[in-house]
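Dear colleague,

Please read the notes with the structure open beside them.

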Amino acid sequence: MAENLVPQQPAPESDAASAAVMEITAAAIGGSRNIPRRTEFQGKHFRVFIEGGGCSGMRYGFVFDDSKADDFCWQVDGQSVAIDPLSAQYLRGAKVDYVSDLRGEGFVVDNPNAKTSCGCGHSFNS
């Protein structure tokens, strides 16, 4: 379970005592470890973000990246995780998990802020 998230430096629209932004499960961190690791990923944060696009307007993204000064950063099962303040606004209270079932395997986001989502679950509208 994620610890309370505090930006490395307080973001302009938040304070250092902010509550947890989102939950990343141990299964999601385990799933991130299934991504082929290249040397450029070593020491990088697992970044969760949103961007415009997808069937429903915004889509979820996952990359390995360096942290930025205003990121919310925390550790889950030994992996550093980062989220930028803009994405945090749309993902506050969300849960990122990793599932493997008959449909395949991959990251699943349970986002209480999404008013609608597409059939594949990779994009949403708030």
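Is Asp66 buried, partly exposed or exposed? In this predicted model, Asp66 is partly exposed, with a relative accessible area of 41%.

The partner of Asp66 is Lys44, and the two form a salt bridge in which the closest N and O atoms are 3.0 Å apart. Because Lys44 sits in the loop between helix H1 (26–32) and strand S3 (45–52), while Asp66 belongs to the loop between strand S4 (58–65) and strand S5 (72–76), this pair ties together parts that are 22 residues apart in sequence. Lys44 is also partly exposed, its relative accessible area being 22%.

A second contact joins the side chains of Asp65 and Arg47, which meet in a salt bridge with an N to O distance of 2.9 Å. Asp65 lies in strand S4 and Arg47 in strand S3, so here the parts tied together are 18 residues apart in sequence. Asp65 is partly exposed at a relative accessible area of 22%, whereas Arg47 is buried at 6%. Both residues also belong to a network of salt bridges that links Arg47, Asp65, Lys68 and Asp71.

Glu51 and Arg59 form a further salt bridge, with 3.0 Å between the closest N and O atoms; Glu51 is partly exposed, with a relative accessible area of 33%, and Arg59 is likewise partly exposed, with 36%. In total, the structure holds five salt bridges.

Definitions and conventions:
Residues numbered from 1 in each chain as written. Predicted model: local features only at pLDDT ≥ 70, side-chain atom pairs only at ≥ 80, totals over all residues. Heavy atoms only, no water. Salt bridge = Lys/Arg side-chain N within 4 Å of Asp/Glu carboxyl O. Helix = DSSP H or I, 4+ residues; strand = E, 2+ residues; numbered from the N terminus. Buried < 20%, exposed > 50% of the residue type's maximum accessible area, 1.4 Å probe, protein only.
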